[in-house]
Amino acid sequence: MKKEGFKIRINSVLANILIVFGISIAGLFGLTAISEIGNNGYKYDTETFIVIVIIMLMGIILIIVGINIKNKIKRVRNYISIASCGTKTFEEFASITGKNVEYIEKDLKKLVSKNYFGNTHVDNKRGMIIINDLNITEPITKDDQIMHTAYCSKCGTKVVKSKLITVHCSHCGAAVK
């Protein structure tokens with residue numbers, strides 16, 4: 001199992017757990033407060049009511065965090081599918097997703113720094129993300145002269161990388177210089 005795929009799956013499960021717990025907590029304490037107010041009039045003291053409201057808000061926060069994680073995972077999967085045919089510029093991602101370039105650049109840099117894509121780096125000079133795990137079949141252009149194909153010394157996996165950096169093989173984790 002690939003490391004980045006595992007991270008995406010773990011975050012997806014975490015998001016579902018947070019949403020379920022958030023709905024359970026907010027729903028349980030919300031229904032408790034509503035049923036007590038509706039049936040017998042309000043019989044709790046102020047401190048108890050504040051605790052119920054705080055616990056309900058914690059449940060709502062869990063739901064929001066879970067939804068945000070699910071949205072991040074959707075974006076990661078969308079970016080991976082867009083880049084599956086090779087390295088893409090921020091402008092290409094922006095035109096395909098309908099988001100502005102600044103948003104795409106910030107989002108991709110954050111996701112790359114959190115290692116959602118595995119063997120990936122951002123080329124700030126050319127304004128692009130380079131995902132080395134993918135089978136890149138596009139020819140290298142004149143602007144890409146610093147890029148080259150390397151092979152892992154342990155398993156032979158093809159990696160497209162900059163000559164200036166060392167990356168790790170997506171299959172076995174060995175350093176590829």
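Helices (H or I, at least four residues) and strands (E, at least two) are taken here as DSSP runs and are numbered from the N terminus. On that basis the chain contains 4 helices and 7 strands, and from the N terminus on its elements follow the order α-α-β-α-α-β-β-β-β-β-β. The model is predicted, so that local features need pLDDT of at least 70 and side-chain atom pairs count only at pLDDT 80 or more, while totals for chains, interfaces and linings use all residues. Residues are numbered from 1 along each chain as its sequence is written, and side-chain values use heavy atoms, with hydrogens and water left out.

Of the 177 residues in the chain, 38% are buried, where buried means under 20% relative accessible area, exposed means over 50%, and partly exposed lies in between (1.4 Å probe, protein chains only). The chain exposes about 10,800 Å², and carbon and sulfur atoms supply 62% of this area; accessible areas come from the Shrake-Rupley method with a 1.4 Å probe, and for residues only the protein chains shown count as cover. Among contacts (heavy atoms within 4.5 Å) between residues at least 6 apart in sequence, 50% join residues at least 24 apart.

The whole structure holds 2 salt bridges, each defined by a side-chain nitrogen of Lys or Arg within 4 Å of a carboxyl oxygen of Asp or Glu. In one of them the side chains of Asp107 and Arg75 meet at 2.7 Å, N to O. Because Asp107 lies in helix H4 (residues 101–113) and Arg75 in helix H2, this pair ties together parts that are 32 residues apart in sequence. Asp107 counts as buried, at 4% relative accessibility, whereas Arg75, at 22%, counts as partly exposed.

Lys109 forms a salt bridge with Glu105, and their closest N and O atoms are 2.9 Å apart. Both Lys109 and Glu105 belong to helix H4, where they are 4 residues apart, about one turn of the helix. Lys109 is partly exposed at 31% relative accessibility, and Glu105 is likewise partly exposed, with a relative accessible area of 27%.

On the surface, Arg9, Lys70, Lys74 and Arg77 gather in a patch of positive charge; such patches are made of residues with over 30% relative accessible area and no salt bridge, like charges being joined within 9 Å. Lys and Arg count as positive, and the place of a charge is taken as NZ of Lys or CZ of Arg. Helix H2 (residues 46–82) gives the most to this patch, with 3 residues, while Arg9 lies in helix H1 (residues 3–40) and counts as partly exposed at 45% relative accessibility.

Technical notes. Patch = residues over 30% accessible without salt bridge, like charges linked within 9 Å, V, L, I, M, F, W, Y side chains within 5 Å.
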